[in-house]
Amino acid sequence: LYRVTDVVSATVTSNRTDVVDGDGRSPHSTEAVVSGGTDASVASSLWGYNGAGIEFYGATSYTVTGADGKAHEVRFSRPDPTYAWVEVSNIVTNPEESIPADQEAVIAQAIADYGNQFFGLGVNLSRGRVQTALNGLLWLADCDLRIATTTTEVGPPTYQTAPISISGRNYCVFDVGRVKFA
């Protein structure tokens, strides 16, 4: 799937059992969750690598023509965004470093950039991983973080300190507008 033009991320999960699995996949099926690429190119790639007798599972359907000249339905899933929120408080700066006048904007941009790069499909949201975004800000000695997720860009978020599980069919989307300062 990563050879398909414009595919950004992909995961493939198989249910090799004789019963529906905990995520709703039918027995003996494979679900690909793919971000990017056209439906046609993703379906063609999946058709070319799927084993005989293995059913495709997913919310997106595309019909490909096999080598036998017949139409075959290929199913896969497109990931849904989960909107990440971060609350920053108790900022402590390092007086030995040059402190930017727009420190909140710098912090928000660092969190958004890092989050959008490293929180891909199914990657759980945790304060520790978000804190990593701030490691390069030498003027920032310490701060407290709380995190939240919502299904819409506008919230409202309910912040917490515990890690938040992200489904394998979802990915976190960060934005400077969702980094708040208390």
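Student: How far apart are the mean positions of the positive and negative charges of the protein?
Tutor: They are 7 Å apart. The protein has 12 positive and 20 negative charges. Keep in mind that this is a predicted model.

Student: OK, new topic. Which elements does the protein have, and in what order?
Tutor: There are three helices and nine strands. From the N terminus they run β-β-α-β-β-β-β-α-α-β-β-β.

Student: What radius of gyration does the protein have?
Tutor: It has 21 Å. A compact globule of 182 residues would have one near 16 Å. The C-alpha trace spans about 70 × 35 × 25 Å along its principal axes.

Student: And how much of the protein counts as buried?
Tutor: 37% of the 182 residues. The accessible surface is about 10000 Å², and carbon and sulfur atoms hold 49% of that.

Student: Switching to aromatics. How many aromatic pairs are there?
Tutor: Four. One of them joins Tyr114 and Phe118, with centres 4.6 Å apart and 40° between the planes. That pair is tilted.

Student: Where do Tyr114 and Phe118 sit in helix α2?
Tutor: Helix α2 covers residues 103-118.

Student: Is Tyr114 buried or exposed?
Tutor: Tyr114 counts as buried, because its relative accessibility is 17% and the cut-off is under 20%. Phe118 is partly exposed at 37%.

Student: What about the rings of Tyr114 and Phe119?
Tutor: Their centres are 6.4 Å apart and their planes at 75°, so that pair is edge-to-face. Phe119 is buried, as is Tyr114.

Student: Which residues form the aromatic cluster?
Tutor: Tyr114, Phe118, Phe119 and Phe174.

Definitions and conventions:
Residues are numbered from 1 along each chain as its sequence is written. This is a predicted model: local features need pLDDT of at least 70, side-chain atom pairs count only at pLDDT 80 or more; totals for chains, interfaces and linings use all residues. Side-chain values use heavy atoms; hydrogens and water are left out. Helices (H or I, at least four residues) and strands (E, at least two) are DSSP runs, numbered from the N terminus. The radius of gyration is taken over C-alpha atoms; the globule rule is 2.2 Å times the number of residues to the power 0.38. Buried means under 20% relative accessible area, exposed over 50%, partly exposed in between (1.4 Å probe, protein chains only). Accessible areas come from the Shrake-Rupley method with a 1.4 Å probe; for residues, only the protein chains shown count as cover. Lys and Arg count as positive and Asp and Glu as negative; His and the chain ends are not counted. The place of a charge is taken as NZ of Lys, CZ of Arg, CG of Asp or CD of Glu. Rings of Phe, Tyr and Trp (its six-membered ring) pair if their centres lie within 6.5 Å; planes under 30 degrees apart count as stacked, over 60 as edge-to-face and the rest as tilted.
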